[in-house]
Amino acid sequence: KLRRKRFLVFCFYLESMSPAERLLAYNRANRQVAILCNHQRSVPKMFEKQMERLGDKIKEKEEKIAAAAKELKSLKKSGKDASELEKKKNAIGRLKTQLHKLEVQQTDKEENKTIALGTSKLNYLDPRITVAW
């Protein structure tokens, strides 16, 4: 009974997650298996450069969000029509979603730097589980 209750809570939690967060949760579960099976690898040569580029993309998105927020504020002051305000609000929402996706991607990449997930996914995971996710 307790196991079923935990499963239902997890399913509810999973449904409230974005696709990027689901992927992170899936990789974290597989990472735990990879650690138990001792599937290690060395840090890739280009890892620091990739993380730097990802950090630059995140900073760029944050700057775009700040600029869009300033534009929205100026549109509100100038008294423009509601359709332009809605367009700008939607654009800010899209930018925030993209920023969140990049941040989750950065977290996942950082956590995976010394663990070979491919080995555990290939050898120990039933493909039906992957498809269900």
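This is a predicted model: local features need pLDDT of at least 70, side-chain atom pairs count only at pLDDT 80 or more; totals for chains, interfaces and linings use all residues.

The protein chain has six helices and zero strands, so the pattern along the sequence is simply α-α-α-α-α-α, with helices and strands taken as DSSP runs. Of the 133 residues in the chain, 26% are buried. The chain exposes about 10,300 Å², and carbon and sulfur atoms supply 56% of that area. Among contacts with a separation of 6 or more, 84% are between residues 24 or more positions apart.

Now the salt bridges. Side chains of opposite charge can pair when their charged atoms come close. How many salt bridges does the count come to? The count is six.

Take helix H3 to begin with. Lys64 and Glu60 both lie in this helix, four residues apart, which is about one turn. Their side chains meet in a salt bridge, at 3.7 Å from N to O. Lys64 has a relative accessible area of 40%, so it counts as partly exposed. Glu60 is also partly exposed, because its value is 44%.

The next pair joins two helices. Lys88 forms a salt bridge with Glu71, and the closest N and O atoms are 2.6 Å apart. Lys88 lies in helix H4, residues 82-111, and Glu71 in helix H3, so the pair ties together parts that are 17 residues apart in sequence. Glu71 is at 40% relative accessibility and therefore counts as partly exposed.

Further along, the side chains of Lys113 and Glu110 meet at 3.1 Å, N to O. Lys113 is partly exposed, with a relative accessible area of 25%, and Glu110 is partly exposed at 34%.

There is also a network of salt bridges, which links Arg28, Arg31, Asp108 and Glu111.

Last, the patch. Which residues form the positive surface patch? They are Arg41, Lys49, Arg53, Lys57 and Lys109. Helix H3, residues 47-78, gives the most to this patch, with three residues. Lys49 has its place in helix H3.

I can take questions now.

Methods
Residues are numbered from 1 along each chain as its sequence is written. Side-chain values use heavy atoms; hydrogens and water are left out. Patches are made of residues with over 30% relative accessible area and no salt bridge: like charges are joined within 9 Å, nonpolar side chains (Val, Leu, Ile, Met, Phe, Trp, Tyr) within 5 Å. Accessible areas come from the Shrake-Rupley method with a 1.4 Å probe; for residues, only the protein chains shown count as cover. A salt bridge is a side-chain nitrogen of Lys or Arg within 4 Å of a carboxyl oxygen of Asp or Glu. Lys and Arg count as positive and Asp and Glu as negative; His and the chain ends are not counted. The place of a charge is taken as NZ of Lys, CZ of Arg, CG of Asp or CD of Glu. Buried means under 20% relative accessible area, exposed over 50%, partly exposed in between (1.4 Å probe, protein chains only). Contact means heavy atoms within 4.5 Å.
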